[in-house]
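Student: Could you take me through the metal site closely, and explain how it sits within the rest of the chain?

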Amino acid sequence: MTKLLRCRDVGFECDAEVRGDSNEEILAQVVEHARDAHGVDEVPEAVVQRAIAAIREEQRPG
Ligand SMILES: [Zn+2]
């Protein structure tokens with residue numbers, strides 16, 4: 001099942017969503033997104049932990 005993380009759930013005012021098959025895959029994309037979209041060169045460990053806690057299984061309608 002696809003996992004989903006909303007940037008907003010990590011604490012940014014942002015509507016971006018990241019999908020992946022594993023937490024590692026999602027975190028890699030979040031780090032990239034944080035750098036490109038939010039100018040965060042190095043994501044603090046606390047934010048990484050918050051991101052992991054905010055990852056959800058994607059619910060598909062139907
Ligand atoms: Zn964002």
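Tutor: A residue is called buried under 20% relative accessible area, exposed over 50%, and partly exposed in between, using a 1.4 Å probe and protein chains only; of the 62 residues of the chain, 31% count as buried. This is a predicted model, in which local features need pLDDT of at least 70 and side-chain atom pairs count only at pLDDT 80 or more, while totals for chains, interfaces and linings use all residues. Residues are numbered from 1 along each chain as its sequence is written, and side-chain values use heavy atoms, with hydrogens and water left out.

At the site itself, the zinc ion is held at 2.0 to 2.3 Å by C7 (SG) and C14 (SG) together with H33 (NE2) and H38 (NE2), where donors are N, O and S atoms within 2.8 Å of the metal (3.2 Å for Na, K and Ca). The angles that these four donor atoms subtend around the zinc ion are 104 to 114°, which makes the arrangement tetrahedral, a label given to four donors if all angles lie between 85 and 135 degrees. Along the chain, the donors are spaced as C-x6-C-x18-H-x4-H. Because C14 lies in the loop between α1 (7-10) and β2 (17-20), whereas H38 belongs to helix α2 (residues 23-38), the pair ties together parts that are 24 residues apart in sequence. C14 is buried, at a relative accessible area of 13%, but H38 is partly exposed, at 26%.

Around this site, the chain has three helices and three strands, counted as DSSP runs (H or I of at least four residues, E of at least two), and from the N terminus on they run β-α-β-α-α-β.

Note on methods: Four donors count as tetrahedral if all angles lie between 85 and 135 degrees; four count as square planar and six as octahedral if opposite donors are over 155 degrees apart and all others between 65 and 115; anything else is irregular.
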